[in-house]
Amino acid sequence: ASTAPQELLGHPKGLYVCFLTEMWERFAFYGMKALLLMYLTKYHLFTDANGYLLLGTYAGLAYALPLIGGMLADRYLGMRKAVVFGGLLLVIGQFGMGYIGQAATGTPDAAVRDALAVQIMYASLALIGVGVGFLKPNISTIVGRLYPENDPRRDSGFTIFYAGINLGAMLSSLVVGYIGFNVGWGWGFGLSGALMLVGLIQFLWGQRYLDGHAEPPDAQALRKPVLAGLSAEWLIYLGGILVTVAMWQVLQIRIDFSFLGGMFGGHEVTLTEVLAVILGIGLFIWFGWFLFSGITAQERGRMIVLMVLIVVSALFWGLYEQTYGTWVAFNDRLMSTEFFPGMMTVKDPPLPWSILSLIVIPLGFVAAMKLDAARASLGKGIIAAITVVMLVCLVHDVFIVKQNAGSLTFLGSLFVILLTPVFTALWPILDKYGINPSSPAKFGIGLIFAGLATGILMYAAKQSDGSQLISVWWLVAAYFVLELGEMVLSPIGLSAVTQLSVSRVVGLMMGAWFLFSAFGEIIAGRFGTWAAITPNPDGTFDKAKALAVYSDVFGDLMWIGVGAGVVMLALAPILA
Ligand code: GLN
C-alpha cells in the first residue's frame, strides 16, 4: 500500500466521508426546520409569534455555538473526535424529538401540550444545537485539510461539499417534511435521527480515509487527567453536556426589557438573543485588539473588509431564512401546493419513493469507495446510476405525491444544486473579460436578489383576493431569485473567509461567519413576528386580512433587501 492519500474521482476519499457526514447532519438540521414551525403552531398550539421566535432562537443557537466548537477542536479535541461527539448529541436530540413528536401525533389536546412534552422538546432542540456546534465547523475544516496548501482542487472540493449540504437539505425537506406531516411528526423526526446515526457509523468506518488530518493537536495532553481524575477530553464532553443543559433553559427564557421604555418598551427579548449579542460584542472587542496587535497595514485592511462582509451577511440570512418561517406559513395558509392541479395521482402513499434514494445513495458511495483508482470508471457508472434513481424519486415526489408547505422548502436546495455548475462556470468567464464583481459588490447583488425574491411573494399576495389559492409557481419563482442571491453570496463568503483572513485566526473567523448566520436567524425570527396572524379558535382566519398582512411585510422586507443591497454596491468600490 502506498502512503499517498487514496483518491476517488480525482478527490481524496476523505472528501466523500465528510460529504456524507455533513449531508446527514444537514438532513437532520433542515428536516427539523422544515417541520418545526408547523409542529409548534399546529400541535403545541404556539402562537405565530412564539413559533417564529423559537424557530429563530433554535437555529440561532445552532449557528452561534460553532464559534466555541471550532475553537475547542482547534486547541484540544481535534476535528475527528468533535465530529463524533457532535454526531452523538444530534442522534439523541433527534430521537428525543421523535419520541415526543410521536406522542403528539394527531392529538392536539391539552395532554400533549403538557409541561413534560414541551420540556423534552426544548431539551432535544438544545442537544441538536450543541451537536451542530461540535460537528459543523469541524467537518468543514477537515475538508480544507485534505488538500495540500496550494492544491487547485480545493475550491471544487468545497463545491462538491456544498452540494452535499444541499442534497441533505433537499432530501430532508421532501422526506421528513412529507412523513412528519402525513405519517406522524415523530416518524419524521425519528427518521432524521436514524439517518444521522447511519452518517455517524459511516464516519467512524470512513475515518481511516482522513489520513490523520483530523487528530488532536496533542493527543497525550488530551489523555492526561487534569481535574478530579478526568482527562481534558472527558472534561470537554462533560462541558458539552453541561452547556446542553444550560441551553435547554436558555431556549425558554425571555427577558422583559420594557423597563427601558422608548423603543424597547413592551419588548420581550429571548435569552438566546442576549447571549448571541454578548458573543458578538466579545468578538468585536477581540477584533479591535487584533487589528492593532502587530499585523501589517495590508492585513488590517483585508480583515476590515472581511468583517464588513460577515456583518452584512446577517441581513441576507435574515431575509433568506423567511423561507422556513413566513414563507411556510404563507404557503400553508394561502397557496396551493399542487404544481399541476389534478395531476397528483397518489394522495396518501404509505411512504414516498425518496426513502429509496436515501438507502441507495449511501450504498452507492460505499460501493464506489471500495473500488480502486484503476476501476474508477465503474465507480462513475455507479454514481451515474444512483443519480438517475434519485431523479426518478424526486420527480415522483414532487409531481405525483401531495406536497405540504414544509416539504416545499426543498425548492431552495434544489436550485442551489442546479445552479452550482452554472456559477462555477460563470466566475472564470467573467474573470476572463475582467468584469468579475468584487466580493463586496457580489454581497450587494445578493441582497438585492433576496429583496426581489420577497417582492415576488408580495406581488403574489397583492394580486389575490383570497377567493382561490395562490399558485405555487409564485413560490418557485421567488425561490429561484432568492437562490441566485445565495449563490453570489454564501460560497463567496466562505471563500472570502479563507482568502482575506490572517491565516492563524481563520478558524475563529469561520466561527464568526456562522455567528452572523445566527444573528440572521434571530433577525429572521423578529421579521417573522411582524407577520404574525392570529387564527380563530377553530383554526380558520380572515383571508383578506392575512393577505394584507403578508403583502405589507413582504413589501417591507423587499425594500430592506433592495435598499441595503444598493448601499452595499455604492460602498463596494471603497471596500474592494
Ligand atoms: N445553507 C448553508 C448551510 O446550511 C449555509 C447556511 C448559513 O451559513 N446560514 O451550511
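This is a predicted model: local features need pLDDT of at least 70, side-chain atom pairs count only at pLDDT 80 or more; totals for chains, interfaces and linings use all residues.
**Entry 1: helix H12**

I looked up which helices the buried residues of H12 pack against. They pack against H1 (13-42), H2 (48-64), H16 (439-462), H17 (473-500), H18 (506-530) and H19. H12 itself runs over residues 326-334, and I noted it as mostly covered, with seven of its nine residues buried. Then I wrote down the names: Thr326, Trp327, Val328, Ala329, Phe330, Asn331 and Leu334 are the buried ones.

**Entry 2: the whole chain**

I stepped back to the protein chain and found 19 helices and six strands in it. How much of the chain is buried? I got 48% of the 576 residues. Next I checked contacts with a separation of 6 or more, and 84% of them are accounted for by residues 24 or more positions apart.

**Entry 3: H11 with H19**

H11 covers residues 297-320 and H19 covers residues 543-575. I read an angle of about 165 degrees for their packing, and their axes are 11 Å apart. Parallel or antiparallel? The cut-off for roughly antiparallel is over 145 degrees, so I put H11 and H19 down as roughly antiparallel to each other. Their crossing is left-handed. On the H11 side, I listed Val305, Val308, Val312, Leu315 and Leu319 as making the contact. From H19 come Leu557, Gly561, Ala564, Met568 and Leu575. Sorted by class, this contact has nine nonpolar residues, one polar residue and no charged ones.

**Entry 4: H3 with H9**

I then took H3 (residues 66-77) and H9 (residues 232-250). Here too I found an angle of about 165 degrees, with the axes 11 Å apart. H3 and H9 are therefore roughly antiparallel to each other. I noted a left-handed crossing for H3 and H9. Which residues meet? Leu72, Tyr76 and Leu77 in H3 meet Ala232, Glu233 and Ile236 in H9. By class I have five nonpolar residues, no polar ones and one charged residue in the contact of H3 with H9.

**Entry 5: around the ligand**

I asked which residues are around the ligand. I found Arg26, Ile165, Trp317, Ser490 and Ser517. This shell divides into two nonpolar, two polar and one charged.

**Entry 6: positive phi**

Last, I looked at backbone angles. Asp211 is not a glycine, yet has a positive phi of about 50 degrees. I located Asp211 in the loop between H7 (185-206) and H8 (219-223). Buried, exposed or partly exposed? Asp211 counts as partly exposed because it has 17 C-beta neighbours inside 10 Å.

Ala228 also went into the notebook: its phi is near 50 degrees, a positive value in a residue other than glycine. I placed Ala228 in the loop between strand S3 (225-227) and strand S4 (230-231). Why does Ala228 count as exposed? I counted 7 C-beta neighbours inside 10 Å for Ala228, and the cut-off for exposed is 12 or fewer.

Definitions and conventions. Residues are numbered from 1 along each chain as its sequence is written. Axes are lines fitted to C-alpha atoms, for helices over the stretch in contact, and angles run from 0 to 180 degrees between N-to-C directions. Helices (H or I, at least four residues) and strands (E, at least two) are DSSP runs, numbered from the N terminus. Angles under 35 degrees count as roughly parallel, over 145 as roughly antiparallel, 65 to 115 as roughly perpendicular and the rest as oblique. A crossing is left-handed if the near helix is turned anticlockwise from the far one by less than a right angle, and right-handed if clockwise. Two residues are in contact if their C-beta atoms, placed from the backbone, lie within 7 Å. Ala, Val, Leu, Ile, Met, Phe, Trp, Tyr, Cys and Pro count as nonpolar, Asp, Glu, Lys and Arg as charged, and the others, Gly among them, as polar. A residue is near a molecule or strand if its C-beta atom, placed from the backbone, lies within 6 Å of it. A residue is buried if 20 or more other C-beta atoms lie within 10 Å of its own, exposed if 12 or fewer, and partly exposed in between; C-beta atoms are placed from the backbone.
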